[in-house]
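Please look over the structure shown here before reading the notes. They are arranged by topic.

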Amino acid sequence: MAEVDPFGAPTGAPGGPALGNGVAGAGEEDPAAAFLAQQESEIAGIENDEAFAILDGGAPGPQPHGEPPGGPDANSRKQEAEWKEKAIKELEEWYARQDEQLQKTKANNRAAEEAFVNDIDESSPGTEWERVVRLCDFNPKSSKQAKDVSRMRSVLISLKQVPLVH
């Protein structure tokens, strides 16, 4: 009876590992080699498939997705042409809307810039704090995550009402 090594392989057997080094003998089949052989046979089967024969110029077999060998029929070509026309028309309409919106935005920005420049140029003594107040947001509930600026807000409002005397 053959002895069993700690890993369960019989030692001293004709197909067992020599001196316990784990190398398989000539009688055992390597599982990795068997796996590689199986994968090579599957790849060879795929290469001999009809899809590769079509690419190599062979006779076409059944088409994927159930299409006839002649390609798409006249109805599907007509439907595809209608879809393309519809897509082109929608794309042109989208570009027209985008261009219109861009023109409106440009006009609004120009008007806002002109009003801002006029406001900056218009500086009379005693209106400095009113200009500051216009630039500040005094809504107490504007943001929950902002710092508490209620004291600053109250100081600016009081300065707007009663300006400092120089």
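The model is predicted. The chain holds five helices and two strands, and its elements run β-β-α-α-α-α-α from the N terminus.

**Chain overall**
- The chain has 166 residues, of which 6% count as buried.
- Taking contacts between residues at least 6 apart in sequence, 18% join residues at least 24 apart.

**Packing of α4 and α5**
- Two packed helices are described by the angle between their axes and the distance between the axes.
- The crossing of α4 past α5 is left-handed.
- From α4, the residues making the contact are Trp129, Glu130, Val132 and Val133, and from α5 they are Leu156, Leu159 and Lys160.
- Sorted by class, this contact of α4 with α5 comprises five nonpolar and two charged residues, with no polar ones.

**Helix α5**
- The twelve residues of α5 should span 16 Å at 1.5 Å a residue, and the end C-alpha atoms are 17 Å apart, which agrees.
- Buried positions in α5 are Arg153, Leu156 and Leu159.
- Viewed down the axis of α5, the buried residues fall within an arc of 130°, so they line one face of the helix.
- In general, an α-helix has 3.6 residues a turn, so residues three or four places apart point the same way.
- The buried residues of α5 pack against α4.
- Arg151 and Gln161 are exposed on the other side of α5.

**Arginine 153**
- Arginine 153 belongs to helix α5.
- Arginine 153 counts as buried because its relative accessibility is 15%, and the cut-off for buried is under 20%.
- Between arginine 153 and cysteine 136 the C-alpha to C-alpha distance is 8.6 Å, with the two residues 17 apart in sequence.

**Glutamate 130**
- Glutamate 130 is part of helix α4 and is among the residues of α4 that make the contact with α5.
- With a relative accessibility of 35%, glutamate 130 counts as partly exposed, since that class lies between the cut-offs of 20% for buried and 50% for exposed.
- Glutamate 130 and isoleucine 157 are separated by 27 residues in sequence and by 8.9 Å in space, C-alpha to C-alpha.

How values were computed. Residues numbered from 1 in each chain as written. Predicted model: local features only at pLDDT ≥ 70, side-chain atom pairs only at ≥ 80, totals over all residues. Heavy atoms only, no water. Left-handed = near helix turned anticlockwise from the far one by under 90°. Helix = DSSP H or I, 4+ residues; strand = E, 2+ residues; numbered from the N terminus. Contact = heavy atoms within 4.5 Å. Nonpolar A, V, L, I, M, F, W, Y, C, P; charged D, E, K, R; others polar. Buried < 20%, exposed > 50% of the residue type's maximum accessible area, 1.4 Å probe, protein only. Expected span 1.5 Å × (residues − 1). Arc of directions from axis to C-beta.
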